[in-house]
Amino acid sequence: MLLNKGNKGRAAAADDAPRMQMAAIAQKIGLPEERVAQIAQMIRQNGMADAQMGAMMGMALSKGVQPQEIFSMLTSLGVSASQVIRVMHAQGVMDDEEAERRLADERAAAERRAAAEAKQGRKNFCKKAAIIVFWLVVWEIADRIADNRLILAGPLRTLEALSEQVVQLDFWVICGASFGRITLGFLLSFVVGFLVALAACRVRLVRDFVDPIMSLLRTIPVVSFIIMLLIWVGNQALTVFLAFFIVLPIIYTNMVTGFESVDRQMLEMARVYGLSRWRTFLYVYRPAFMPFLMSSAKLSLGMSWKSGIMAEVLATPKPSIGKEMSTARTFLDTPDLFAWTVVVMVLSAVFEKLFMEVLKLANRPLGGLIGKKGRGDE
C-alpha cells in the first residue's frame, strides 16, 4: 500500500509523529491559514467524525499529499493518532500490517504517558499532602502557644467539636437545610442569568433594559441586600434570594461576553452548510461560551456559599448552619465555630466538585454526532 513496509524502521510511535505548522498545512491543502486554525479549534473542541476525515483524506490525496503527510497534518490538527490510523486503514491508505504495527506503537506510547502521568500525580499528591500537614501542624502549635479556647481552637479541638456535632440527630438536618437553600439560590441565578444573557444578546432592547439593573446589583453592598431582603421576604427565604442576587450579575456578565465571542465566520459557515439552530448552538455557540460559563460558575459557587452563610448568621433561620455559628459566637464557643466552618468548607467543595463535573460533561466533544441527522435538521 501507499504506506509501505519500508517506512516501518523509520516510523516512531504513532503519537510521536512529527507535527506540521498551520501555515504548512494550509499550503498543502490549499486553504487560508485562518480557516485551518478554525478547523483545528473545532476538532479539538468537538472531535471529528470518521466520514469527514475520510473525505478530507480523499481531497488531500487528490492534491498529491503523501499519506505520511496526511497523518502528520491530522494529528497536528488535534485528531488522535488511533482514529487517523483506523480511518486510513478503512480508506485503503494503510495496509493491515502497517495499521496493526502503528496501533501497537500508539498503545505502547499511551502506556508510557499513563505511567509518567501517574508518577507525576503521585508526586503532586505527596507535595500537597505535605503542605497541608505543615499548616495543620502550624495551626496546632499556635493553639498550644495561645492556650485559650476563647481565642483559637486548633485542629484537634476542632475535630473533637465536629465529632460531637456529627453524632447529634439534627446535624444532618441542619446541613441539608443550608445546603438546599444555597443550592436553590445558586441554580436559580445560574439558569436565569444564562437565559437573560441569551435574550439580551439576541434582542438589543432587552439588553438596554437589563444592563443597568445588573450594574446596580453589582454595586449594592451585601449588608444592604440582607437588610432589604429581611424586610421583603423574611429570614427563612433570605438565603435563597441573597445567593440569587449576588450570583446573577456574575453569570449574566460572563455569558454576554461568551455569546459575543462567537466567531462570525463560523456562524456563516454553519448557515452555508444548513445547520439547524440547535446544531449551531451545540457546535458554534457552545464551544465559545463554555469557558466563560465554567469560569463564572467556579467564581459564583464560592460567592453563593459565602453570602448564603452570612445571611444565615444574621437572620438565623431554623434550621441552618448560620444559626449554629451565631449561637457559638454568642456563647464564645470557638471550637464549635471552627467545626461549623469546616462543615461549610466541605459542603461548598462537594457541591462545587459535582457542579463543575456536570459542566465538564456539557463541554465534552460532540464531534461523533456530526453527520447524524437529527430532528432539528429535518
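## Exercises around the loops and helices

Proline 319 sits in the loop between H13 and helix H14 (321-330). Keep in mind that this is a predicted model.

**Exercise 1.** Find out which form the peptide bond from lysine 318 to proline 319 takes, cis or trans.

*Solution.* Start with omega for this bond: the angle is near -15°. As background, most peptide bonds are trans.

**Exercise 2.** Look up phi for threonine 316 and for aspartate 147, then decide how open each residue is to its surroundings.

*Solution.* Take threonine 316 to begin with, in the loop between H13 and H14. Its phi is near 45°, a positive value in a residue other than glycine. Threonine 316 has a relative accessible area of 28%, so it is partly exposed. Now go to aspartate 147, in the loop between H6 and H7. Here phi is near 50°, again positive in a residue other than glycine. With a relative accessible area of 57%, aspartate 147 is exposed, because exposed means over 50%. For context, most residues other than glycine have a negative phi.

**Exercise 3.** Work out how helix H12 (residues 264-272) and helix H13 (residues 277-315) are arranged.

*Solution.* Begin with the axes: they come within 10 Å and cross at roughly 155°. Because angles over 145 degrees count as roughly antiparallel, H12 is roughly antiparallel to H13. The crossing of these two helices is right-handed. Next, look at who meets whom: Met266, Leu267 and Ala270 in H12 meet Thr280, Val284 and Tyr285 in H13. Sorted by class, this contact has five nonpolar residues, one polar residue and no charged ones.

**Exercise 4.** Decide whether glutamine 165 is buried or exposed, and name the residues it touches.

*Solution.* First locate glutamine 165 in helix H7 (residues 155-166). Its relative accessible area is 10%. Buried means under 20%, so glutamine 165 is buried. Leaving aside residues up to four places away in sequence, glutamine 165 touches Phe171, Asp336 and Trp340.

**Exercise 5.** How many disulfides does the structure hold, and how accessible are cysteine 175 and cysteine 201?

*Solution.* The count of disulfides is zero. Cysteine 175 has a relative accessible area of 5%, so it is buried. Cysteine 201, at 32%, is partly exposed.

Key:
Residues numbered from 1 in each chain as written. Predicted model: local features only at pLDDT ≥ 70, side-chain atom pairs only at ≥ 80, totals over all residues. Heavy atoms only, no water. Axes fitted to C-alpha atoms, helices over the stretch in contact; angles between N-to-C directions. Helix = DSSP H or I, 4+ residues; strand = E, 2+ residues; numbered from the N terminus. Parallel < 35°, antiparallel > 145°, perpendicular 65-115°, else oblique. Left-handed = near helix turned anticlockwise from the far one by under 90°. Contact = heavy atoms within 4.5 Å. Nonpolar A, V, L, I, M, F, W, Y, C, P; charged D, E, K, R; others polar. Disulfide = S-S within 2.5 Å. Buried < 20%, exposed > 50% of the residue type's maximum accessible area, 1.4 Å probe, protein only.
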